[in-house]
Amino acid sequence: MRKSLLALLTLSLALLSLLITPTIAGVIIPPSSPIPINQISSSTDSNLLGYVFEFANNGQVQPASYASISVPIPSSIPYYYNPNEYWYNNMYAFWVALSPYTIGNGASTTFLQAGVDLLENQSVKYVLLFVYLVVNNNAHPLVSYQYPYSQFAGTTMNIYLYLSNGNVVAQFSDGSFSYTYNTGISFTPYSALVMGEAPPMTQNLNGKNYTVQFYPTPNETFSGISFNIIGSPATAVGYETIKYATNYPIANNYISSNYAWAFAWLSSNPSFSANAYTSSSSAQISGTLQLSYTETPLGLLYIA
């Protein structure tokens, strides 16, 4: 997620007693009429990997009122670190988002997201559940709770975003755990995002902010991630593929003088399999997603 780890909050026992059982918005079920899924565009990003979807009715983009993602939490995550660095973190983030903008008009830079982080350092593994509002790539934390990794290892975390009484509501559930958060934010969504991310931080150097990437990000593929998006009746679904910018240097958190260690993504390989349907009352796209992370060797990057 595009955010600072300094914003992490610890969930207290008092808050645990206030968790609300999800009342998930209704999901349409076929039979209904199949509609095509067409690629509209493709773009690159320094650390995002996934898709933006939108519904269209005879060329006019229609509202999308519901989006969900189900993430299988691995029983364990690989542990890699560079002993010369001091963060020693490995991170994988998976999230779903709703945006008031359409593909190509700000959907990938302004959105309300809910997701899960899998993190590890030298002493502990943990899972982070988060809700953030991102506006023009500036992240505003709404809620962020940290749990021991063992609490969710081997389970599937279901994450939902939907409109309720005009506000966007986020919900998390894995069968034995549930949490509901009303963001109090109201807008009409026109696109939905399903994403994987290797979260960066920023570091200020000589008055300038530089991207700080935790590394090494090990070669890792996450598959079996399912998603579901619902909107107004439509004649087609459009999507944008977002891939890591290949051969694009990203400064990590070791900066010395005018040089920094850096790496570039060698390749990215997001893929999905999905079907879309429409009825007289709503349209739906559902499927599964695969996300792959690939690192490169480190090298020196000159900072102007």
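**Tour of an aromatic cluster**

The count comes to 16 aromatic pairs, where rings of Phe, Tyr and Trp (its six-membered ring) pair if their centres lie within 6.5 Å, and planes under 30 degrees apart count as stacked, over 60 as edge-to-face and the rest as tilted. The model is predicted: local features need pLDDT of at least 70, side-chain atom pairs count only at pLDDT 80 or more, and totals for chains, interfaces and linings use all residues. Residues are numbered from 1 along each chain as its sequence is written, and side-chain values use heavy atoms, with hydrogens and water left out.

Select Tyr51 and Phe272. Their ring centres are 4.8 Å apart and their planes stand at 75°, so this pair is edge-to-face. It links distant parts of the chain, with Tyr51 in strand 4 (residues 48-57) and Phe272 in strand 21 (residues 271-278), 221 residues apart; strands (E, at least two residues) are DSSP runs, numbered from the N terminus.

Tyr51 is buried at 4% relative accessibility, whereas Phe272 is partly exposed at 22%. Buried means under 20% relative accessible area, exposed over 50%, and partly exposed in between (1.4 Å probe, protein chains only).

Phe227 belongs to strand 17 (residues 220-231), 45 residues from Phe272 in strand 21. Phe227 is buried, at 3% relative accessibility.

Finally, select Tyr51, Phe53, Phe227, Tyr239 and Phe272 together: they form one aromatic cluster.

Methods. Helices (H or I, at least four residues) and strands (E, at least two) are DSSP runs, numbered from the N terminus.
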